[in-house]
Amino acid sequence: MSSKNSISEKSNTHMQMHIENTQNYMQNLFQFIGEDGNREGLVKTPERVAKLHETLYSGYAIDPNTILDSVFSDGACNEMVVVRDIEFYSMCEHHLLPFFGKISIGYIPDKKVVGISNLSKLVEVFARRLQIQEKLTTQIADTIMHSLKPKGAMVVCEALHLCMAMRDNAKQNSKILTSAVRGLFQQDSRTRMEFMQLIKT
């Protein structure tokens with residue numbers, strides 16, 4: 001058996017076990033809330049949920065540092081590079097409910113620049129894990145600083161949390177804002193202000 005087939009078989013076995021475990025859990029859930037897990041609309045729901053997990057938590061399978069491996073020295077300058085309003089969807093690690101919104105990233109290159117799409121991919125890798133917004137924001141900034149070694153970086157995240165919108169005493173329109181500030185952005189208020197103006201324009 002080839003190595004590729006062996007890996008595929010192991011993955012299929014792991015998924016089948018996960019489907020069975022999810023079925024057991026969700027049957028208990030259906031019973032707890034007073035639902036019939038055998039009715040037509042729900043009978044295949046555990047399998048659908050189990051397979052959805054592959055997508056929702058796919059970020060664990062990727063080393064975020066490899067996302068920024070492909071860099072260029074041509075184009076490196078002292079000017080700010082900004083990507084704003086990167087949409088993301090993640091899962092709150094406290095309640096397993098979604099939170100989602102937009103992330104804006106700015107950095108000032110030193111000797112290396114990276115393709116703009118790679119910054120969106122970096123957001124995706126961290127978002128597709130069990131998360132809290134504060135950690136998501138700092139992970140992105142720290143990875144940029146580690147991989148690109150820029151003169152500074154700043155990340156701003158704005159998100160709506162369904163654990164706030166759906167629970168008792170819900171606050172449907174409340175949004176959370178977080179930021180991570182590194183290097184020149186931390187040292188120079190004018191640099192921070194320039195970034196904030198650019199993402200608000």
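Biologist: Which residues line the largest pocket?

Modeller: The lining consists of Thr22, Tyr25, Met26, Leu29, Val49, Leu52, His53, Leu56, Tyr57, Met91, Leu96 and Leu97. Two elements, α1 (3-33) and α2 (45-56), each give two or more residues to this lining. Please keep in mind that this is a predicted model, where local features need pLDDT of at least 70 and side-chain atom pairs count only at pLDDT 80 or more, while totals for chains, interfaces and linings use all residues. Residues are numbered from 1 along each chain as its sequence is written, and side-chain values use heavy atoms, with hydrogens and water left out.

Biologist: What makes a set of grid points a pocket and not a cavity?

Modeller: Both are found on a 1 Å grid over the protein atoms alone. In a cavity, a 1.4 Å probe fits but cannot get out, whereas a pocket is an open set with protein on both sides within 12 Å along at least five of seven lines. A residue counts as lining if it has an atom within 4 Å of a point.

Biologist: What is the volume of the largest pocket?

Modeller: About 390 Å³. That volume is the space filled by probe spheres set on the points, with grid points joined across faces, edges and corners.

Biologist: Which domains supply the lining of the largest pocket?

Modeller: Domain 1 (4-60) and domain 2 (65-199) each give at least three residues. Those bounds come from an automatic or database domain assignment. The C-alpha centres of the two domains lie 31 Å apart, and 6 residues of domain 1 are in contact (heavy atoms within 4.5 Å) with 6 residues of domain 2.

Biologist: Where does UniProt place the feature "binding site"?

Modeller: The unreviewed UniProt entry puts it at Cys92, His95 and Cys163. These residues are spread over 72 residues of sequence, yet they cluster in space, with a largest C-alpha distance of 7.9 Å. UniProt positions follow the numbering used here, feature names are shortened, and annotations may be inferred rather than shown by experiment.

Biologist: Why is Cys92 called buried?

Modeller: Buried means under 20% relative accessible area, exposed over 50%, and partly exposed in between (1.4 Å probe, protein chains only). Cys92 has 6% relative accessibility, so it counts as buried. It sits in strand β2 (residues 81-92); strands (E, at least two residues) and helices (H or I, at least four) are DSSP runs numbered from the N terminus.

Biologist: And why does Cys163 count as buried?

Modeller: Its relative accessible area is 9%, so the label is buried here too. Cys163 belongs to helix α6 (residues 162-165). Beyond four places in sequence, Cys163 is in contact with Cys92, His95, Leu97 and Pro98. Cys92, counted in that way, touches Leu97, Phe99, Leu130, Gln131 and Cys163.

Biologist: What makes Gln187 exposed?

Modeller: Its value of 64% lies over the 50% cut-off, so Gln187 is exposed. This residue is in helix α7 (residues 184-187).

Biologist: What is the phi of Asp85?

Modeller: Asp85 has a positive phi of about 60 degrees although it is not a glycine. Asp85 is in strand β2 and, at 37%, is partly exposed. Lys149, also not a glycine, has a positive phi of about 45 degrees; Lys149 is in the loop between α5 (133-148) and β6 (152-161).
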